[in-house]
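Have the viewer open while you read.

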Amino acid sequence: RDNADFNVNYTDKQHGFAGTSTSDFAEDDAHNIWIASEPGLIKYDGYHYYRYGQTKQFPANEINSLVFDGQKRLWIATAKGLYYMQHDSLYAVSGRDIDFPNLYCFKVQEDKQHRIWVSTKQNGAICIIQNKMQVYDTRCGLPNNYAFNTFIDKHNNIYIALWNSGIVIIQPDKMLNMFASMDGPTVGISIIRSFVEDEKGIWMGPYTNGFLSMQPQDTIQYTINGRYSDRIFDMKKAPNGLWLSIYGWGL
């Protein structure tokens, strides 16, 4: 941070932050920053940190993902269930066929049709449409129920990234399973942590295998460190290109 090209503000426990690590961020309409950290959910208003710790209503401190939806609800994916906050009140998601209090959730996100998608460790991918749920798991053809991430492209195709089983693409008339051996220290794609779509195609960020661009004509593998072992944590689209968060290689 001392020789950064950008104006970087740094904070840690010694400077008032409650935790030592963060896993996700979300911003509300009032520009408060909501942070998923190991002590719990933290709200930062630009001056102070407010921590929502472990309670009977909110039993899990292991928060993996945050997102605000079109109704201004903050969805919280944890290792012990799925929750959302609205008007500073916390609600637990429940369902008849899923053990939500013990549901291990990886990623929660909203698509352009305002559907909420949750990827889980043992229950595949769950789509929440108002008060209804649709589950994508082995019963509908997935190789396993360990769904790490989901993505909906501009054609409304559903991408489900599975642990050690590549990506399942669900199209209106067929289902594809894409799994490839690539250059790098591992065989196949173990985890796809992030997806980004632009005019060229779909960018995918695997963990340990560089990053990929899936275009209509071909799929191209890229690397930052030259060894195709980049561990991509996240990717974001910006006006000048892509931002990549890479384990051990910074931003």
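Where does Asp 69 lie?

## Asp 69

Asp 69 is in the loop between strand S5 (63-68) and strand S6 (74-78); strands here are DSSP runs of E, at least two residues, numbered from the N terminus. This is a predicted model, where local features need pLDDT of at least 70, side-chain atom pairs count only at pLDDT 80 or more, and totals for chains, interfaces and linings use all residues. Residues are numbered from 1 along each chain as its sequence is written, and side-chain values use heavy atoms, with hydrogens and water left out.

With 8% relative accessibility, Asp 69 counts as buried (under 20% relative accessible area, 1.4 Å probe, protein chains only). A polar atom of its side chain sits 2.9 Å from the backbone nitrogen of Gln 71. Setting aside residues up to four places away in sequence, Asp 69 touches Trp 75, Glu 110 and Ile 116 (heavy atoms within 4.5 Å).

## An open sheet

Four strands form an open antiparallel sheet in the order S13-S14-S15-S16; two strands pair if DSSP finds at least two bridges between them. S13 (147-152) and S16 (175-178) each have a single partner strand, so one side of each lacks a neighbour in the sheet.

S13 pairs with S14 (residues 158-162) over 5 bridges, and Phe 151 has Tyr 159 in S14 as its bridge partner.

Definitions and conventions. Buried < 20%, exposed > 50% of the residue type's maximum accessible area, 1.4 Å probe, protein only. Polar contact = N/O pair within 3.5 Å; in protein donor to acceptor, adjacent residues only side chain to side chain.
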